[in-house]
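User: I would like to go through some labels and ask what stands behind each one.

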Amino acid sequence: MATDDTIMPMQSKDKVTNARMWVYVGDQDHPYNVFDFTMDRCRNGPTLFLKDYNQVLLADDYAGYNGVVVGNAITRAGCWAHMKRKLVEVEKSAPEIAREAVERVRALYAVERLAKDASGEARLQLRAEKSAPLLAELHDRLLEWKEQLLPRHPMAEAINYALGQWQELNVFCADGAVPIDNNVSEREMKRVVLNERTRSS
């Protein structure tokens, strides 16, 4: 299951407050999009919605998922699009590192394009053969770059994000049904935002 959330303006008696809209997207065997509305972004929203779920949750690093992930023994998968975005955001601070790191992430996506129409089993095998070695090499490079940079350097922060999420970012290599990124739920959230803007105009 993939999930994301966005601000949802809510009209109260005398003002507009920021509530929250969440989306939960199923996989190929469970093709559904479920939207959940909450009054805020506290962890009670995902905790209640996911109370009976115990498989894989593909999400960003929002800490509000932590309780239900641990309590339900959910496997949490990370998003490579988020990781790549953080590198691009600080590209100017260390252009050579950013260039190489982004190219290495693109190599992972190239494998995904090859596996686009494959079965989950075949995709998993392709990832084991091609993506796993790329991940090992990238991890080594991240550690090398971290040693070269001051702790508060913008690129060091992006690298620390990747290393801190490394276990989650590797889940797609252990399960052929797990996407490499969370773009599917982010697209659903963009539709919500666009529809809200259309109604407001």
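This is a predicted model: local features need pLDDT of at least 70, side-chain atom pairs count only at pLDDT 80 or more; totals for chains, interfaces and linings use all residues.

User: Which residue of β3 is the bridge partner of tryptophan 22?

Analyst: Aspartate 36 is that partner. Numbering starts from 1 along each chain as its sequence is written, and side-chain values use heavy atoms, without hydrogens and water.

User: What makes β2 and β3 a pair?

Analyst: Pairing requires at least two bridges found by DSSP between the strands. β2 and β3 (residues 33-38) have 6, in the antiparallel sense. They therefore count as paired. The elements themselves are DSSP runs, numbered from the N terminus: helices are H or I with at least four residues, strands are E with at least two.

User: How many bridges join β1 to β2?

Analyst: There are 10, and the two strands run antiparallel. β1 spans residues 2-11. One of the bridges links methionine 8 to alanine 19 in β2. A hairpin of 4 residues connects β1 to β2.

User: Why is β2 described as mostly covered?

Analyst: Count its residues: 7 of the 10 in β2 (residues 16-25) are buried. Buried means under 20% relative accessible area, exposed means over 50%, and partly exposed lies in between (1.4 Å probe, protein chains only).

User: Is serine 185 buried or exposed, and how do you know?

Analyst: Its relative accessible area is 0%, so serine 185 is buried. Serine 185 sits in α8 (residues 183-200). Beyond its neighbours within four places in sequence, serine 185 contacts (heavy atoms within 4.5 Å) Ala2, Thr3, Asp4, Val23 and Val25.

User: What stands out in the phi of alanine 73?

Analyst: Phi is near 55 degrees, a positive value in a residue other than glycine. Most residues other than glycine have a negative phi.

User: Why is α4 called roughly antiparallel to α5?

Analyst: The axes of α4 (residues 95-114) and α5 (residues 120-148) cross at roughly 170 degrees and come within 9 Å. Axes are lines fitted to C-alpha atoms, for helices over the stretch in contact, with angles from 0 to 180 degrees between N-to-C directions. Under 35 degrees is roughly parallel, over 145 roughly antiparallel, 65 to 115 roughly perpendicular, and the rest oblique. So α4 is roughly antiparallel to α5. The residues of this contact divide into 12 nonpolar, 2 polar and 8 charged. Ala, Val, Leu, Ile, Met, Phe, Trp, Tyr, Cys and Pro count as nonpolar; Asp, Glu, Lys and Arg as charged; the others, Gly among them, as polar.

User: What is the crossing angle of α3 and α6?

Analyst: Roughly 170 degrees, with the axes of α3 (residues 80-89) and α6 within 9 Å. That makes α3 roughly antiparallel to α6. His82, Met83, Lys86 and Leu87 of α3 meet Met155, Ala158, Tyr161 and Ala162 of α6. By class, the contact has 6 nonpolar, 1 polar and 1 charged residues.

User: Why does alanine 158 count as buried?

Analyst: Its relative accessibility is 7%, so alanine 158 counts as buried. Alanine 158 is in α6 (residues 154-164). Outside four places in sequence, alanine 158 touches Lys86, Leu87 and Val90. Its C-alpha atom is 9.3 Å from that of valine 88, 70 residues apart along the chain.

User: What covers the buried residues of α6?

Analyst: The cover includes α3, α4, α5 and α7 (166-169). Among the buried residues of α6 are Met155, Ile159 and Leu163.

User: What makes a set of residues a nonpolar core?

Analyst: Its members are buried Ala, Val, Leu, Ile, Met, Phe, Trp, Tyr and Cys residues joined through side-chain atoms within 4.5 Å. The largest such core here has 43 residues, and Trp80, Met83, Leu142, Met155 and Ile159 have the most contacts inside it. A second, separate core has 12 residues, including Trp22 and Tyr53.
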